[in-house]
Amino acid sequence: MSEILTIVLLTGLSGSCILIGGFLATFDHIRPLWIEREVRHSVIAFGGGILLGAVAVVLVPEGIANMQGSLFSIPIVLLGGFVFFFIERRLGLKKQDSPQLMGMMLDYIPEAVALGGLVALGSPVAPLLAIFIGLQNLPEGFNSYREINNKNGNKSSKTLLTMAGLIPLGPIAGLVGYIFLSDYQGVLGAIMLFASGGILYIIFQDIAPQSRLDKHWAPPLGAVFGFCLALFSDMVVSAS
């Protein structure tokens, strides 16, 4: 299988999880109401756990390795956090903030770019990163559905079509990474670290606060399960 086809398949399949998550969110009438709230908050927390796992297991270790262990890695992570902060602040001032949708796209696209670069370098971590992207996109698509649906006048079919239109961004970003970053390991590592900083900001600014539900303990456990699933995936791939 050619590397280009591999990139398109990996990023396309992981991106399709956006639409799958949105489709699952259409079944949003669970009774009693407290179960519906618990499920939704648990899914938000699970997505946060997956994001944290991707940062801890793949993005930061691989990013630092690609930058040859340079201490310059730390300010790049900080820069990612500050840039995501300014983007969110800008959107918030314009009353256009959609944290779940923004978080999904701001990690999906840089990670897809990094995935393309890793395939070009022949890294064994590339399939693992694709799995993480898909695992992230599933709960993020689920949680983004309501945000997008509200803006589309609560028209489910229009919302799902909008979400389907986001899928090709992954293969496009992956091919960009493959074509332009294959000879620049340092730049590839910087992109992964930059995305890590932004993801950490999104987790603690938007996702973690939304996952909390007063007098309920289950949603925070979703974050623990999400992180453990990311760790398990890494251990399986490392052992194979």
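**Figure 1. Overall view of the predicted model.** The accessible surface of the protein comes to about 11700 Å², and 72% of this belongs to carbon and sulfur atoms. Accessible areas come from the Shrake-Rupley method with a 1.4 Å probe; for residues, only the protein chains shown count as cover. This is a predicted model, in which local features need pLDDT of at least 70 and side-chain atom pairs count only at pLDDT 80 or more, while totals for chains, interfaces and linings use all residues. Residues are numbered from 1 along each chain as its sequence is written, and side-chain values use heavy atoms, with hydrogens and water left out. The protein has 9 helices and 0 strands. Its pattern along the sequence reads α-α-α-α-α-α-α-α-α. Helices (H or I, at least four residues) and strands (E, at least two) are DSSP runs, numbered from the N terminus. Of the 240 residues, 48% count as buried. Buried means under 20% relative accessible area, exposed means over 50%, and partly exposed lies in between (1.4 Å probe, protein chains only). Among contacts with a separation of 6 or more, 85% come from residues 24 or more positions apart. Contact means heavy atoms within 4.5 Å.

**Figure 2. The largest nonpolar core.** This core holds 39 residues. Val58, Leu115, Leu129 and Met192 touch the most other members. Two or more residues each come from helix H1 (3-25), helix H2 (33-66), helix H4 (99-120), helix H5 (126-151), helix H6 (156-164), H7 and helix H8 (185-211). A nonpolar core is a set of buried Ala, Val, Leu, Ile, Met, Phe, Trp, Tyr and Cys residues joined through side-chain atoms within 4.5 Å. In soluble globular proteins, nonpolar side chains tend to be buried together.

Figure 3. Beyond its neighbours within four places in sequence, Val58 is in contact with Gly53, Gly63, Val125, Leu128, Leu129, Phe132 and Met192. Leu129 sits in helix H5. Leu129 counts as buried because its relative accessible area is 0%. Residues up to four places away in sequence aside, Leu129 touches Val58, Leu59, Glu111, Ala114, Leu115 and Leu118. Glu111 is 18 residues from Leu129 in sequence, and their C-alpha atoms are 7.8 Å apart.

**Figure 4. The Asn66 side chain and its partner.** Asn66 is found in helix H2. At a relative accessible area of 6%, Asn66 is buried. Its side chain makes a polar contact of 3.0 Å with the side chain of Gln185. A polar contact is a pair of N or O atoms within 3.5 Å; within protein, one must be able to donate a hydrogen and the other to accept it, and residues adjacent in sequence count only if both atoms are side-chain atoms. Not counting residues up to four places away in sequence, Asn66 touches Leu118, Leu121, Gln185, Gly186, Leu188, Gly189 and Met192.

**Figure 5. Gln68 in its loop.** Gln68 lies in the loop between H2 and helix H3 (73-93). Gln68 is not a glycine, yet it has a positive phi of about 60°. With a relative accessible area of 64%, Gln68 is exposed.

**Figure 6. A nonpolar surface patch.** Ile109, Leu169, Ile172, Val176, Ile179 and Phe180 make a nonpolar surface patch of about 540 Å². Helix H7 (residues 169-181) gives the most to this patch, with 5 residues. Leu169 is found in H7. Leu169 is partly exposed, as its relative accessible area is 33%. Patches are made of residues with over 30% relative accessible area and no salt bridge; like charges are joined within 9 Å, and nonpolar side chains (Val, Leu, Ile, Met, Phe, Trp, Tyr) within 5 Å. A salt bridge is a side-chain nitrogen of Lys or Arg within 4 Å of a carboxyl oxygen of Asp or Glu.

Figure 7. Leu135 belongs to helix H5 and, at 22% relative accessibility, is partly exposed. Leu135 and Ser14 are 121 residues apart in sequence, with 7.6 Å from C-alpha to C-alpha. Met102 belongs to helix H4 and is buried, with a relative accessible area of 10%. Met102 and Ser144 are 42 residues apart in sequence and 8.8 Å apart in space, C-alpha to C-alpha. Gly122 lies in the loop between H4 and H5. Gly122 is exposed, with a relative accessible area of 54%. The C-alpha atoms of Gly122 and Glu3 are separated by 9.1 Å, and the two residues are 119 residues apart along the chain.
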